[in-house]
Amino acid sequence: MSGDQGSGIGDRRWLLLLSIAGPLISAASAGAQTPRLSNGRIEPHAATNIARDVPALAATLTEPMWIGYAQPLIDGDHQMCDYWNNGNRYSQSTDPIRLEPADFFFVLFRIEDKQITRIRTYSANCPLDAGGKAVHWFNNVSVSDSLNYMKTFMAPAQARKLHDSAVTLISLTKGDQALTELLTLARDGSTSAVKGNALFWLAQRAGEKAVGTITAAIENDPDTEVKKKAVFALSQLPKDEGVPLLIQQARTNKNPAVRKQAMFWLGQSKDPRALKFFEEILK
């Protein structure tokens, strides 16, 4: 047998192995982005447009159920599990500790009477008990589809808990598109609650990229509650960014509620610059 013939047979064998292994690898990859479920089973579905897919599936369900999908997770260690013992939350679990955080998280919708009543987010390490039910799971949901769906929960008529959860979901989603949506919600959100929630998550996520939007809300938003939430957002920035901005607001803002809020969060910061500022104004 010549070297060329041997190479041809080897190539054919390699292609055969790939044809067998390829679907298995794909299945394993897909399975890696489904929850670790006990007391239940995953019912897979193909996603086309999740804003239509979820309501259409919900309309067919005759009992309370969960529908979910996975999304890419922003960098960092994000633990999003609920642990309960006899009705009380506890913080420890016996699950293995991940040395490297997962790069995705789970989105779950609670369906009751064919309507979404809750939106939950869980990190990949969370063990979930399905209560003996199937969990309907959409694979390969794009970031764009998910974000567009979340925007449908921002209307003033929606329950507060739904638009709060939707803003949180947007904030956890990796990528510039999600960050752009947060900035838009912070500026133009349909309610003061949506704006305030978006401002908070901007500070958590974007750092100095968020400063302009946060300070603009303090200066320009007509709602004092939004202004106060924006001041709180400043307190969530890294101290080298947030503390000087809080001092500036406490010193110069014309709105007494804003100044009071800035002073409160300066006091909570325990930063030497805050102490020096209080010494100055007390003199």
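**Asking how we know**

Q: Where does Gln-261 lie?
A: Gln-261 sits in helix α10, which covers residues 256-269. Keep in mind as we go that this model is predicted.

Q: Why is Gln-261 called buried?
A: Its relative accessibility is 19%, and buried means under 20%. Gln-261 therefore counts as buried.

Q: Which residues is Gln-261 in contact with, leaving aside its neighbours within four places in sequence?
A: They are Lys-228 and Val-231.

Q: What makes Phe-264 and Trp-265 an aromatic pair, and of which kind?
A: By the rule that ring centres must lie within 6.5 Å, the count comes to 10 aromatic pairs. Phe-264 and Trp-265 form one of them, with 4.8 Å from centre to centre and 80° between the planes. Planes over 60 degrees apart count as edge-to-face, so this pair is edge-to-face. Ring pairs also link Phe-264 and Trp-265 with Phe-200, Trp-201 and Phe-232 into a cluster.

Q: Why is Phe-264 called partly exposed?
A: Phe-264 has a relative accessibility of 44%. Buried is under 20% and exposed is over 50%, so Phe-264 counts as partly exposed.

Q: How do you know whether Val-141 is buried or exposed?
A: Val-141 has a relative accessibility of 11%, and the limit for buried is under 20%, so Val-141 counts as buried. Val-141 lies in the loop between β9 (134-139) and α3 (143-151).

Q: What does Val-141 touch, not counting residues up to four places away in sequence?
A: Val-141 touches Ala-47, Ile-50, Tyr-69, Ala-70, Gln-71 and Ser-146. Ile-50 is 91 residues away from Val-141 along the chain, and their C-alpha atoms are separated by 7.0 Å.

Q: Why is β9 described as largely enclosed by the rest of the structure?
A: Five of the six residues of β9 are buried, so the strand is largely enclosed.

Q: In which sense do β2 and β3 pair with β9?
A: Strand β2 (residues 41-46) pairs with β9 in the parallel sense over six bridges, and His-45 stands opposite Phe-138 in β9. Strand β3 (residues 65-72) also pairs with β9 in the parallel sense, over three bridges. There, Trp-66 has Val-135 of β9 as its bridge partner.

Q: What makes β6 mostly covered?
A: Eight of the nine residues of strand β6 (residues 104-112) are buried.

Q: What joins β6 to β3 and to β7?
A: Eight bridges join β3 to β6, and these strands run antiparallel; Gly-68 has Leu-108 in β6 as its bridge partner. Strand β7 (residues 115-123) pairs with β6 in the antiparallel sense over eight bridges, with Ile-111 opposite Ile-116 in β7. β6 and β7 form a hairpin with two residues between them.

Q: Why is Asp-113 called exposed?
A: Asp-113 has a relative accessibility of 74%, and exposed means over 50%, so Asp-113 counts as exposed. Asp-113 is found in the loop between β6 and β7.

Q: How do you know that the span of helix α5 agrees with what its number of residues should give?
A: Helix α5 (residues 176-188) has 13 residues and should span 18 Å at 1.5 Å a residue. Its end C-alpha atoms are 18 Å apart, so the two values agree. The buried residues of α5 include Leu-179, Leu-182 and Leu-185.

Q: Which residues have the most contacts inside the largest nonpolar core?
A: They are Phe-109, Ile-116, Met-150, Phe-153 and Ile-214, in a core of 62 residues. A second, separate core has 14 residues, among them Trp-66 and Cys-81. In soluble globular proteins, nonpolar side chains tend to be buried together.

Conventions. Residues numbered from 1 in each chain as written. Predicted model: local features only at pLDDT ≥ 70, side-chain atom pairs only at ≥ 80, totals over all residues. Heavy atoms only, no water. Phe/Tyr/Trp six-rings, centres within 6.5 Å; stacked < 30°, edge-to-face > 60°. Buried < 20%, exposed > 50% of the residue type's maximum accessible area, 1.4 Å probe, protein only. Helix = DSSP H or I, 4+ residues; strand = E, 2+ residues; numbered from the N terminus. Contact = heavy atoms within 4.5 Å. Expected span 1.5 Å × (residues − 1). Core = buried A, V, L, I, M, F, W, Y, C linked by side-chain atoms within 4.5 Å. Pairing = 2+ DSSP bridges.
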